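Please read them with the structure open.

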Amino acid sequence: MDIQKKIDDIELFVLDMDGTIYLGDNVIDGAREFCKRITDSGRKMIYFTNNASKAPEDYVNKLNRLGFPCERKNVVTSGDVTTAYLNKFHKGESVYLVGTKNLEKSFTDAGIPLSDDAGIVVVSFDLTLTYEKLERACTLIRNGAIFYSTHPDINCPTPDGFIPDSGAICGAVTLSTGKEPKYFGKPYAETAQMIELISGVSREKTAMVGDRLYTDIALGKKNGLCAVLVMSGETTEEMLTKAKPEELPDLKFASVDEITKYL
């Protein structure tokens, strides 16, 4: 495999964040230099996270605080992909949202009306989840509401271990209603489409760099992006041996620091 040729062809790097360029508040060795080299080489860069519980501006502030080059235009979340889809296919329709206040603001800022009696339910990573919210979502879906979710992640990593994420909350709704959601975020086609649209770079010249097989790597493999795995986060060698074909990376590195020499 000619690693240099593959990297030379890349014009846009889409970077996962936690587990890829930092862990919590700890910057992964060489990650700042890697991001700087991307921009210095004339390439484009987008930071993408499935975690829609925070506002995009929160990620901009964190990245700047940790020393990464970043503006609002460089950050995309699964919440952004979801609101873009809603505005394209459900313009003006009300949504019942199971999400944080930050996500509620992102939806209303995007012109999406929120209601307790809506024909669309969107479930996300909700750190303010209550039984009342869960019950309302299930009742609406059982009565015929469309069921969407911002992203499929089952667990969210924290300094103290893992906590239930969007996919786990959706699992509870599915068990109650018998209905599966349509997911957005990584690894789904709507995310690849949005990245291509806002960047102006074709998928063939785009690399998705991340530490998770079923979101980051699967986004690349299923949608024609170069899938680059870093072993600085969730994935272990044992997980790789058990991975599905659509979750096997095109390139694998110990961390983003190893990629820098090819830029």
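1. Which residue's side chain meets that of Asp250 in a salt bridge? The partner is Lys221, at 2.9 Å from N to O. A salt bridge here is a side-chain nitrogen of Lys or Arg within 4 Å of a carboxyl oxygen of Asp or Glu. Asp250 sits in the loop between helix 10 (237–241) and strand 14 (251–253), and Lys221 is in helix 9 (residues 213–223), so the pair ties together parts that are 29 residues apart in sequence. Helices (H or I, at least four residues) and strands (E, at least two) are DSSP runs, numbered from the N terminus. Lys221 has a relative accessible area of 35%, which makes this residue partly exposed. The classes are buried under 20%, exposed over 50%, and partly exposed in between, with a 1.4 Å probe and protein chains only.

2. A word on the basis. This is a predicted model, where local features need pLDDT of at least 70, side-chain atom pairs count only at pLDDT 80 or more, and totals for chains, interfaces and linings use all residues. Residues are numbered from 1 along each chain as its sequence is written, and side-chain values use heavy atoms, with hydrogens and water left out.

3. How many salt bridges does the structure hold? The count is 19. Side chains of opposite charge can pair when their charged atoms come close. One of the pairs is Lys182 with Glu190, at 2.9 Å from N to O. Lys182 is partly exposed at 30% relative accessibility, whereas Glu190 is buried at 16%. Another pair is Arg203 with Glu196, at 3.0 Å from N to O. Glu196 is partly exposed, with 29% relative accessibility.

4. Salt bridges also form a network. Its members are Asp16, Lys186 and Asp216. A cis peptide bond joins Lys186 to Pro187, with omega about 15°. Pro187 is in the loop between strand 11 (182–183) and helix 8 (189–199).

5. Which residues gather in a patch of negative charge on the surface? They are Asp29, Glu33, Asp257 and Glu258. Patch members have over 30% relative accessible area and no salt bridge, and like charges are joined within 9 Å. Areas come from the Shrake-Rupley method with a 1.4 Å probe, and for residues only the protein chains shown count as cover. Asp and Glu count as negative, Lys and Arg as positive; His and the chain ends are not counted. Each charge is placed at NZ of Lys, CZ of Arg, CG of Asp or CD of Glu. Asp257 lies in the segment after strand 14 and is partly exposed at 39% relative accessibility.

6. Next, the cysteines. A disulfide is a covalent bond between the sulfur atoms of two cysteines. The rule used here asks for a pair of cysteine sulfur atoms within 2.5 Å. By this rule there are zero disulfides. For Cys70, the closest cysteine sulfur is in Cys35, 9.4 Å away and too far for a bond. Cys70 is buried, at 11% relative accessible area. For Cys138, the closest cysteine sulfur is in Cys170, 10 Å away and again too far for a bond. Cys138 is buried at 6% relative accessibility.

7. Tyr47 lies in strand 4 (residues 44–49) and counts as buried at 0%. Leu229 and Ile217 are twelve residues apart in sequence and 6.6 Å apart in space, C-alpha to C-alpha.

8. Two further leucines. Leu97 is in strand 6 (residues 95–98) and is buried at 6% relative accessibility. Leu225 is buried, with a relative accessible area of 5%. Leu225 and Gly167 are 58 residues apart in sequence and 24 Å apart in space, C-alpha to C-alpha.

Conventions. Patches are made of residues with over 30% relative accessible area and no salt bridge: like charges are joined within 9 Å, nonpolar side chains (Val, Leu, Ile, Met, Phe, Trp, Tyr) within 5 Å.
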